[in-house]
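Here is a briefing on one protein model. Keep the sequence and the 3D view open while reading.

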Amino acid sequence: MKATIDRFEGNFAVIELENRETQKIPKSLLPPCAKEGDVLDIVDGFFHMDTCETDKRKEEIEKLMQEVWEE
């Protein structure tokens with residue numbers, strides 16, 4: 001299952017799951033370098049960074065923003 005870090009609230013991270021549901025999890029469960037917008041793979045209750053998917057989504061967002069500003 002994949003999840004995206006939406007934001008941080010104190011010692012918790014709010015993540016958005018693939019079904020658009022949000023959950024709060026302790027920041028201590030995340031990799032130390034995790035930041036807002038990062039995509040995570042959840043495997044057996046452990047959170048792993050998915051840098052390829054994160055980069056892909058960032059590129060898509062940048063492309064959409066360029067299209068908006070060009071119009």
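Two strands pair if DSSP finds at least two bridges between them. Helices (H or I, at least four residues) and strands (E, at least two) are DSSP runs, numbered from the N terminus. With those rules, the bridge partner of Glu9 in strand 2 is Phe12.

This is a predicted model, in which local features need pLDDT of at least 70, side-chain atom pairs count only at pLDDT 80 or more, and totals for chains, interfaces and linings use all residues. Residues are numbered from 1 along each chain as its sequence is written, and side-chain values use heavy atoms, with hydrogens and water left out.

**Sheet and helix**

- The sheet is open and has 5 strands, in the order 3-2-1-4-5, with antiparallel pairing.
- Strand 3 (22-26) and strand 5 (46-49) are at the edges; each has a single partner strand, so one side of each lacks a neighbour in the sheet.
- On average, neighbouring strands of this sheet are turned by 40 degrees against each other, direction ignored.
- Axes here are lines fitted to C-alpha atoms, for helices over the stretch in contact, and angles run from 0 to 180 degrees between N-to-C directions.
- Strand 1 (residues 2-9) pairs with strand 2 (residues 12-17) over 6 bridges, in the antiparallel sense.
- Helix 1 (residues 51-70) lies across strand 1, strand 4 (39-43) and strand 5. The helix runs at about 145 degrees to strand 4.

- Asp38 is placed in the loop between strand 3 and strand 4. Its relative accessible area is 2%, so Asp38 is buried.
- The side chain of Asp38 reaches the backbone nitrogen of Lys35 at 2.8 Å. A polar contact is a pair of N or O atoms within 3.5 Å; within protein, one must be able to donate a hydrogen and the other to accept it, and residues adjacent in sequence count only if both atoms are side-chain atoms.
- Contact means heavy atoms within 4.5 Å. Leaving aside neighbours within four places in sequence, Asp38 is in contact with Ala3, Thr4, Ile5, Cys33, Met49 and Thr54.
- Thr54 belongs to helix 1. Thr54 has 4% relative accessibility and therefore counts as buried.
- Not counting residues up to four places away in sequence, Thr54 touches Gly37, Asp38 and Val39.

**Positive phi**

- Most residues other than glycine have a negative phi, and most peptide bonds are trans.
- Arg20 has a phi near 75 degrees, a positive value in a residue other than glycine. Arg20 sits in the loop between strand 2 and strand 3, and is exposed at 66% relative accessibility.
- Asp44 is not a glycine either, yet its phi is positive, about 50 degrees. Asp44 is in the loop between strand 4 and strand 5. With a relative accessible area of 74%, Asp44 is exposed.

**Salt bridges**

- Side chains of opposite charge can pair when their charged atoms come close.
- The structure holds 8 salt bridges, each a side-chain nitrogen of Lys or Arg within 4 Å of a carboxyl oxygen of Asp or Glu.
- Asp41 and Lys2 meet in one of them, at 2.6 Å, N to O. This pair links distant parts of the chain: Asp41 is in strand 4 and Lys2 in strand 1, 39 residues apart. Asp41 is partly exposed at 22% relative accessibility.
- Glu16 forms a salt bridge with Arg20, the closest N and O atoms being 3.0 Å apart. Glu16 is partly exposed, at 23%.
- Arg57 and Glu53 form a salt bridge at 3.0 Å, N to O. They are 4 residues apart in helix 1, so about one helical turn separates them. Arg57 is partly exposed at 29%, whereas Glu53 is buried at 18%.

**Cysteines**

- A disulfide is a pair of cysteine sulfur atoms within 2.5 Å. The count is 0 disulfides.
- Cys33 is exposed at 54% relative accessibility, and Cys52 is exposed at 63%.

Conventions: Buried means under 20% relative accessible area, exposed over 50%, partly exposed in between (1.4 Å probe, protein chains only).
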